[in-house]
Amino acid sequence: MPSVLITGGSGFLGINLVRHFLSLGWKVSSIDKEPFDYPELEKIQHVHADIRDQHSLKAAMQNVDFVVHTAAALPLNTAKEIFSVEVNGTQLVTQAAVDGGVKRFVHISSTAVYGVPDHHPLFETDELIGVGPYGNAKIQAEAIAEARRQDMLVTILRPKSFIGPERLGVFALLFDWAADGLNFPIPGGGANLYQYLDVHDLCVAIELALIS
């Protein structure tokens, strides 16, 4: 039975990953500075701590096969906090993973590393253009994770905006309208297209990155 540690396990992607891995029968651990306020708490090992707390991070990394690094600062945070969490935090998490003998590591990045693209679809070979503290910090965090490929198998994923259980917000209205057979209002001429990712599909992609 594989064991996986999720950084940022109390967040939107984190809780969906917890549920996904539990459904597979995996042993699941989480570390997050926010409390884990979900019914699954009794089924996992949760460390209530910041990923920049090295002592707690080391404890969370014990007997772990895989790590999924989702912990991140929000774009609205200060530049200092963004770089501290994204860059320094990723440095600490990857080092702890190597020290703990982790076999595979999935780093969750963002399409923010492409700046404001002038074309679609995007490809992973497109130029990385940091815009603002968040975009630049994401690029630096990727470089830190990539440098660890000599020590463990590292996969970097750059998901677009994703929605699903625990984070539908205003989009819940769209699903309600669809369920009721109603039409969707489209602002303007409908030429402003935007594609969302189902968080379940992202969880499956992460799982495949860990076992393939």
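**View 1. Ser110 counts as buried, because its relative accessibility is 11%.** Here, buried means under 20% relative accessible area, exposed means over 50%, and partly exposed lies in between (1.4 Å probe, protein chains only). This is a predicted model, in which local features need pLDDT of at least 70 and side-chain atom pairs count only at pLDDT 80 or more, while totals for chains, interfaces and linings use all residues. Residues are numbered from 1 along each chain as its sequence is written, and side-chain values use heavy atoms, with hydrogens and water left out. Look for Ser110 in the loop between E5 and helix H4 (132-147); helices (H or I, at least four residues) and strands (E, at least two) are DSSP runs, numbered from the N terminus. Its side chain reaches the backbone nitrogen of Ala112 at 2.9 Å. Leaving aside residues up to four places away in sequence, Ser110 touches Tyr134, Lys138, Leu157, Arg158 and Pro159, where contact means heavy atoms within 4.5 Å.

**View 2. The largest nonpolar core has 25 residues.** Such a core is a set of buried Ala, Val, Leu, Ile, Met, Phe, Trp, Tyr and Cys residues joined through side-chain atoms within 4.5 Å. Leu13, Phe21, Val68, Ile206 and Leu210 touch the most other members. Two or more residues each come from strand E1 (3-7), helix H1 (12-23), strand E4 (66-69), strand E5 (104-108) and helix H6 (199-211). A second, separate core of 20 residues includes Val47, Ala96, Val102 and Val154. Zoom in on Ile206 and you will find it touching Leu13, Leu17, Phe21, Val68, Val106, Ile108 and Leu157, not counting residues up to four places away in sequence.

**View 3. Helix H1 is largely enclosed by the rest of the structure, since 9 of its 12 residues are buried.** Those buried residues are Phe12, Leu13, Gly14, Ile15, Asn16, Leu17, Val18, His20 and Phe21. Their cover includes E1, E2, E4, E5, strand E7 (162-163) and H6. At 1.5 Å a residue, the 12 residues of H1 should span 16 Å, and the end C-alpha atoms are 17 Å apart, which agrees; the expected span is 1.5 Å times one less than the number of residues. Just after H1, Gly25 takes a positive phi of about 85 degrees.

**View 4. The buried residues of helix H6 lie on the same side, because they cover an arc of only 160 degrees around the axis.** They are Val199, Leu202, Cys203, Ile206, Glu207, Ala209 and Leu210. The arc is that of the directions from the helix axis to the C-beta atoms. At the start of H6, a side-chain oxygen of Asp198 comes to within 2.8 Å of the backbone nitrogen of His200.

**View 5. The structure holds 4 aromatic pairs.** Rings of Phe, Tyr and Trp (its six-membered ring) pair if their centres lie within 6.5 Å; planes under 30 degrees apart count as stacked, over 60 as edge-to-face and the rest as tilted. Trp26 and Phe66 form a tilted pair, because their ring centres are 5.7 Å apart and their planes stand at 50 degrees. This pair links distant parts of the chain, 40 residues apart: Trp26 sits in the loop between H1 and strand E2 (27-32), and Phe66 in strand E4. Both are buried, with Trp26 at 9% relative accessibility and Phe66 at 10%. Phe36 and Tyr38 are edge-to-face, with centres 5.2 Å apart and planes at 70 degrees. Phe21, Trp26 and Phe66 form one aromatic cluster.

Conventions
Polar contact = N/O pair within 3.5 Å; in protein donor to acceptor, adjacent residues only side chain to side chain.
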